[in-house]
Amino acid sequence: MKISLTKIDANPYRDFDVHPIDPDMVAHLANSIDQMTYWGGIVVRKVAGGRYEQAFGHHRVEAMRQAGMKTAEFTVLDYDDDAMAKAMILENATQQGGNPTSVLD
């Protein structure tokens, strides 16, 4: 589903004090988006007020914003709170090479 990036909020279980957005990673991803475009793959859930919370992919969403994208394709699933936390843990463990601290990201 194509959704405006202005309607995408962070996963409520991500602790940005412990795992802040890495500006170097965002710049790398934004450069990749500029060169190759963005193909999707981020799961969101619909919440009140016509907004969406992303399960994972916080660096990718920030990179899309920095690359000047206004909308993107997202997969909308009916995730409960447990599913939101589990999806973030599994995705980050995979993306960060099994880093033990990634389960907190």
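Which residues does Asn11 touch, not counting residues up to four places away in sequence? In this predicted model, Asn11 touches Gln54, Ala55, His58, Met84 and Met88. Asn11 lies in the loop that links strand E2 (8-9) to helix H1 (23-36). With a relative accessibility of 2%, Asn11 counts as buried, because the cut-off for that class is under 20%.

**Confidence and overall make-up**

The average pLDDT of the protein chain is 89, and 90% of the residues score at least 70. Residues 98-105 have a pLDDT below 50, and this stretch has 12 contacts in the model beyond near neighbours in sequence. The protein chain holds three helices and six strands. Read from the N terminus, the order of its elements is β-β-α-β-β-α-β-β-α. Of its 105 residues, 33% count as buried. Taking contacts between residues at least 6 apart in sequence, 75% join residues at least 24 apart.

**The sheet**

An open sheet is formed by four strands in the order E2-E4-E3-E6, with mixed pairing. E2 and strand E6 (75-76) are at the edges; each has a single partner strand, so one side of each lacks a neighbour in the sheet. In general, strands of a sheet pair through backbone hydrogen bonds, either parallel or antiparallel. E2 and strand E4 (residues 51-54) run parallel and are joined by two bridges. Ile8 has Tyr52 in E4 as its bridge partner.

Tyr52 is also one of the contacts of Ile3, a residue of strand E1 (residues 2-4). Leaving aside neighbours within four places in sequence, the contacts of Ile3 are Ile8, Val44, Tyr52, Lys70, Thr71, Ala72, Phe74 and Val76. One of these, Phe74, is 71 residues away along the chain, yet the two C-alpha atoms are separated by 6.9 Å.

**Helix H1**

H1 has 14 residues and spans 20 Å from its first C-alpha to its last, close to the 20 Å expected at 1.5 Å a residue. Its buried residues are Val26, Ala30 and Ile33. Viewed down the helix axis, these buried residues fall within an arc of 60°, so they line one face of H1. What do the buried residues of H1 pack against? They pack against helix H2 (58-66). On the face of H1 turned away from the buried side are the exposed residues Asp24, His28 and Gln35.

Asp24 also takes part in a contact at the start of H1, where its backbone nitrogen is within 2.9 Å of a side-chain oxygen of Asp22. After H1 comes Thr37, which has a positive phi, near 80°.

Is Asp82 buried or exposed? Asp82, found in helix H3 (residues 81-95), is exposed, because its relative accessible area of 53% is over the 50% cut-off.

| Residue | Relative accessible area and class |
|---|---|
| Ile3 | 3%, buried |
| Asn11 | 2%, buried |
| Asp82 | 53%, exposed |

Terms used
Residues are numbered from 1 along each chain as its sequence is written. Side-chain values use heavy atoms; hydrogens and water are left out. pLDDT is the predictor's confidence in each residue, from 0 to 100. Contact means heavy atoms within 4.5 Å. Buried means under 20% relative accessible area, exposed over 50%, partly exposed in between (1.4 Å probe, protein chains only). Two strands pair if DSSP finds at least two bridges between them. The expected span of a helix is 1.5 Å times one less than its number of residues. The arc is that of the directions from the helix axis to the C-beta atoms. A polar contact is a pair of N or O atoms within 3.5 Å; within protein, one must be able to donate a hydrogen and the other to accept it, and residues adjacent in sequence count only if both atoms are side-chain atoms.
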